[in-house]
Amino acid sequence: MQISPFEIERFYDRWEFTAELMLSSSDCESRPLAELLALEPGSEARLRSLHLGYTEVAGSPELLEAIASGYERARPADVLSLAAAEEGIFLAYHALLGPGDHAIVETPCYGSALEVARSTGARVDVWPRSYAQRWEHDLDALASLLRADTSFIYLNSPHNPTGMQMTRAAFDAVIELARERGIVVLSDEVYRGLEHDPADRLPAACDVYERAISLGTVSKAHGLPGLRIGWLACRDPQLLRRVRELKLYTTICSSAPSELLVALALRHAEEIVERNRALVLANLPLLDELIERRGELLQWQRPTAGPIGFARVAGIDDVHAWCERIAGEAGVLLLPGTVYGEPGHVRLGFGRANLAEAIARLDGYLG
Ligand SMILES: Cc1ncc(COP(=O)(O)O)c(C=O)c1O
């Protein structure tokens, strides 16, 4: 397998645990294990007495039940639990795509969504969105990319990195276009639940189209990335079976303690996600102020969903080097748009509790 470096994760690998203050993170504020265990009486005793054997390949029945309860139509048998969403991207592409296939990937995107697709040997075209077009989805452009052998489309909403929610009309149009041709849609919904206005929430793709695969995780809205559990949900048993077959070559099954803890968290998902959504809503005005103060340097389309946004940077020649200088000298971590192939941008994150401190430090550094 030939695969290009994963630039986003490379950058975080270099800086995430050396920079002191996060101003670009896509995961919301996490919580200590004790807080999770306090959600249900008896859960600490359950965790302590848990046997650390292998678990079911698809996930423990308790976990599958908890995941399926987040969908309208998908049932526990339609869910495959995974070691985080990243495994889902890898498995879905490699199980369902190969040489001779054609895939379309919405960009800019989380790097693996594009690079893993390319690594399958399939022909991959990008469906680009741009700041100049307010990051809107150009459906004519998508239609012009379709070929007789197009078998796969990757979508992501709420979106990394722009924080823009796809409109319901655009979502419906893409699903319709896929349905007419039997195209598989991998719908990356890892930020679902963090729509700034809950009325903007889209249906889960797996609930509206049988050949859609919804990708979920507890890493983002729930703020539990350290548990490393994600999942795929799909009502086409043959598609899900092909992915499950490949999982036998990656992780086989997930971590038993994590499965227990994620099932527990998902039974209280509303409360957990709502706390982070409230934090995102309280933090966003702080970034509005920063962008207003620094209008000559930063401009953006204000995000509508999720904990991140993508600002255009003016007057800085090398945004990558600029972000590294800020990380090294001020201890504040921004994510340069170069890692998305968008060199004139920077990703800002606002799902963390100490955002005001990170902004004040950045302001002080910029002078
Ligand atoms: C759009 C998108 N998909 C998938 C992932 C992977 O999530 P996980 O940490 O659960 O593997 C991320 C993480 O940043 C993401 O932003």
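So, Glu62 is partly exposed, because its relative accessible area is 24%, and by that I mean between the buried limit, under 20%, and the exposed limit, over 50%, with a 1.4 Å probe and protein chains only. This is a predicted model, where local features need pLDDT of at least 70, side-chain atom pairs count only at pLDDT 80 or more, and totals for chains, interfaces and linings use all residues. Residues are numbered from 1 along each chain as its sequence is written, and side-chain values use heavy atoms, with hydrogens and water left out.

Back to Glu62: its side chain meets that of Arg267 in a salt bridge, 2.9 Å from N to O. That term means a side-chain nitrogen of Lys or Arg within 4 Å of a carboxyl oxygen of Asp or Glu. Arg267 is partly exposed too, at 38%. And what else is in the network with Glu62 and Arg267? Glu40 and Arg46 are, all linked by salt bridges.

Okay, next pair. Asp27 forms a salt bridge with Arg352, and the closest N and O atoms are 2.8 Å apart. Asp27 sits in the loop between strand 1 and helix 2, and Arg352 in the loop between strand 13 and helix 14, so this pair ties together parts 325 residues apart in sequence. Helices (H or I, at least four residues) and strands (E, at least two) are DSSP runs, numbered from the N terminus. Both Asp27 and Arg352 are buried.

Last one: Glu35 and Arg31 also form a salt bridge, with the closest N and O atoms 3.3 Å apart. Glu35 is partly exposed at 31%, while Arg31 is buried at 14%. The structure holds 22 salt bridges.
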